Amino acid sequence: METTRKNYWQHKLLNLSSGFMSSRIFLTALELGVFNSIAAKRMTAAEITSTLNTDLRGTEVLLDALSGLGLLQKIDDHYSNLPDVWALLDPAGPGCGFSDGVRRWDAWSSLTDIIRTGKHNDAPWTDERKKDFARAMKL
């Protein structure tokens with residue numbers, strides 16, 4: 001295999017095998033309520049940790065990753081929501097049903113077992129799940 005093709009496929013396969021990382025970072029922030037806890041404020045990692053009742057070191061890593069993904073702004077040691085991102089995540093706003101992504105993550109994580117067994121476990125359609133789904137369909 002020529003070097004250019006080999007590099008292309010190595011790059012493509014690496015992206016496929018690690019593409020989940022950004023999604024997991026975002027979904028973890030949603031699950032923990034990071035964006036909601038910050039809202040329109042500027043907060044330190046320690047303040048966010050106190051609000052979320054999480055580990056400081058782990059929270060700092062998550063916040064820095066969110067900043068690196070362009071989902072939070074970090075100035076000195078303070079984090080804040082970006083207005084365009086917060087407009088989509090603010091529970092008081094129109095939202096886009098992103099929290100349904102957490103449920104979909106769980107469902108897709110069992111794909112290997114579903115393929116092996118032919119059986120899947122659909123989560124019940126709770127009122128919250130229906131609301132998130134409906135909001136997501138408004139994109």
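**Helix α5 and the sheet**

Analyst: The buried residues of α5 pack against α2 (20-32), α3 (34-38), α4 (45-52), β2 (72-75) and β3 (78-81). Contact here means heavy atoms within 4.5 Å. Helices (H or I, at least four residues) and strands (E, at least two) are DSSP runs, numbered from the N terminus. The model is predicted: local features need pLDDT of at least 70, side-chain atom pairs count only at pLDDT 80 or more, and totals for chains, interfaces and linings use all residues. Residues are numbered from 1 along each chain as its sequence is written, and side-chain values use heavy atoms, with hydrogens and water left out.

User: Which residues of α5 are buried, and which are exposed on the other side?

Analyst: Buried means under 20% relative accessible area, exposed over 50%, and partly exposed in between (1.4 Å probe, protein chains only). In α5, Thr59, Leu62, Leu63, Leu66 and Ser67 are buried. Viewed down the axis of α5, these buried residues fall within an arc of 140°, so they line one face of the helix; the arc is that of the directions from the helix axis to the C-beta atoms. Arg57 and Gly68 are exposed on the other side of α5.

User: What caps the N-terminal end of α5?

Analyst: A polar contact is a pair of N or O atoms within 3.5 Å; within protein, one must be able to donate a hydrogen and the other to accept it, and residues adjacent in sequence count only if both atoms are side-chain atoms. Asp55 is the cap, with a side-chain oxygen 3.2 Å from the backbone nitrogen of Arg57. Just after α5, Gly70 takes a positive phi of about 80°.

User: In what order do the three strands form the sheet?

Analyst: Two strands pair if DSSP finds at least two bridges between them. The order in this open sheet is β1-β3-β2, with antiparallel pairing. β1 (42-44) and β2 stand at the edges with a single partner strand each, so one side of each is left without a neighbour in the sheet.

User: How many bridges join β2 and β3, and how many join β1 and β3?

Analyst: β2 and β3 pair over four bridges, and Gln73 stands opposite Ser80 in β3. Their hairpin has two residues between the strands, and Asp76 there takes a positive phi near 55°. β1 and β3 pair over three bridges; His78 in β3 is the bridge partner of Thr44.
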